[in-house]
Amino acid sequence: EYAALLRRRKAITERKEAPMPKVTLKAFAKINLTLDVLGEMAGGYHSLETIFRGIHLYDLVTMEKKDRGIHLECDKEELPLGPENLAWQAAELLQKDFPVIGGINIKIVKRIPVAAGLAGGSTDAAAVLLGLDRLFHLQLGRQKLSEYAERLGSDVPFCLYPLAALGRSRGELLEELPEGSEMWLVLVKPPFGLSTGEIFDHLSQVEISRRPDLSGALKALEEGSFGELCAAMGNVLEASAFDLQPKLAEWKRDLAGPVGTGPVVMAGSGPTLVAFFDSEEKARQLAAQWGQPRWDVLLSKTLTRQELEKRFILTEETEGERGE
Ligand code: ATP
């Protein structure tokens with residue numbers, strides 16, 4: 001393996017043209033193991049208490065140096081490619097503060113369902129912050145990166161280090177948590193979107209019959225207990241989402257039925273429903289039963305620290321440039 005690496009490095013150094021520095025990284029999605037709304041804050045925001053968990057489902061974000069401007073490409077046609085895209089905003093934010101970022105080309109291979117409650121836009125933005133930091137040697141460090149992330153959106157700070165964390169306020173005040181035991185997930189994305197604003201606004205008009213058990217969930221993560229974590233999970237936004245879209249409640253019941261074991265919990269402000277399993281086999285069984293063409297179904301699992309540490313895919317150009 002080492003010999004292969006040396007050969008590759010030699011090939012790069014011998015190449016005549018100067019390599020165009022670029023970097024690719026995996027931008028991981030998140031789910032919420034618990035999500036509680038504690039009240040309203042100034043500015044109409046809701047104060048949250050939520051356990052975020054990163055999952056092994058990712059977009060690929062590639063950044064390449066250009067002379068000027070911010071250019072965005074994406075394989076999903078419905079996504080905006082200008083200033084409305086959160087990845088574009090992330091590049092602009094850093095470019096304003098760091099003139100060394102002359103121009104940048106960003107390419108997103110979208111695998112995370114859009115407008116699904118899985119923080120797809122937020123994680124692309126976080127990836128751009130991390131990627132530009134690496135590409136232009138900004139050496140921002142965790143604190144500075146988090147400050148930029150917070151300016152882009154309340155889910156973006158978690159997406160910088162998406163393992164497990166307790167999020168408070170709008171979700172941007174983070175406290176790292178142990179990852180708990182590995183879980184297999186089946187993600188079911190209904191064929192409609194739900195507006196985050198509408199879900200929160202409607203919350204005051206519904207009764208919340210069940211709240212997640214935060215202390216139980218924290219203890220379960222600490223002890224790595226799948227059973228206890230399942231008992232403690234929950235998302236109060238389901239009350240609002242299910243009232244607005246009753247089909248969701250039906251699907252949650254149906255999903256929990258056939259294979260058994262873990263619970264089904266909506267991700268963030270939905271509408272994706274997440275079924276939890278302690279074994280791959282059971283998760284595969286459910287995914288097969290709910291598979292295409294009726295549903296948008298994805299099999300996934302919780303993200304490990306090792307997987308997160310390997311999120312940078314160093315291209316030959318980057319390796320050559322950095323001499324790594
Ligand atoms: P969150 O869980 O953070 O609330 P989400 O998963 O519900 O986010 P996104 O996938 O981020 O939702 O998409 C929400 C909206 O943001 C979409 O309507 C989309 O047009 C817009 N958007 C902007 N940039 C992106 C991006 N890079 N990827 C996906 N959506 C984006």
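**Note on the ligand site and some local features**

1. The ligand sits in the largest pocket, where a pocket is, on a 1 Å grid over the protein atoms alone, an open set of points with protein on both sides within 12 Å along at least five of seven lines, and a molecule sits in a pocket if more than half of its atoms lie within 2 Å of its grid points. This is a predicted model, in which local features need pLDDT of at least 70 and side-chain atom pairs count only at pLDDT 80 or more, while totals for chains, interfaces and linings use all residues. Residues are numbered from 1 along each chain as its sequence is written, and side-chain values use heavy atoms, with hydrogens and water left out.

2. The shell around the ligand comprises 18 residues, of which Asn85, Ala115, Ala119, Gly121 and Asp155 come nearest; a residue counts as near if one of its heavy atoms lies within 4 Å of the molecule. By class, this shell has 8 nonpolar, 5 polar and 5 charged residues, with Gly placed among the polar ones. Helix H3 (residues 120-135) supplies the largest share of the shell, 4 residues, helices being DSSP runs (H or I) of at least four residues and strands (E) of at least two.

3. Oxygen atoms of the ligand have polar contacts (pairs of N or O atoms within 3.5 Å) with a polar side-chain atom of aspartate 155 at 2.7 Å, with a backbone N or O atom of alanine 119 at 2.9 Å, and with a backbone N or O atom of glycine 120 at 3.4 Å. Taken alone the ligand exposes 610 Å², and the protein buries 75% of that, by the Shrake-Rupley method with a 1.4 Å probe.

4. The structure holds 4 aromatic pairs, meaning rings with centres within 6.5 Å, counted as stacked with planes under 30 degrees apart, edge-to-face over 60 and tilted for the rest. Phenylalanine 28 and tyrosine 58 form an edge-to-face pair, because their ring centres are 5.6 Å apart and their planes lie at 75 degrees.

5. A cis peptide bond, with omega about 5 degrees, joins glycine 270 and proline 271.

Note on methods: A polar contact is a pair of N or O atoms within 3.5 Å; within protein, one must be able to donate a hydrogen and the other to accept it, and residues adjacent in sequence count only if both atoms are side-chain atoms. On a 1 Å grid over the protein atoms alone, a cavity is a set of points where a 1.4 Å probe fits but cannot get out, and a pocket is an open set with protein on both sides within 12 Å along at least five of seven lines; lining residues have an atom within 4 Å of a point. Rings of Phe, Tyr and Trp (its six-membered ring) pair if their centres lie within 6.5 Å; planes under 30 degrees apart count as stacked, over 60 as edge-to-face and the rest as tilted.
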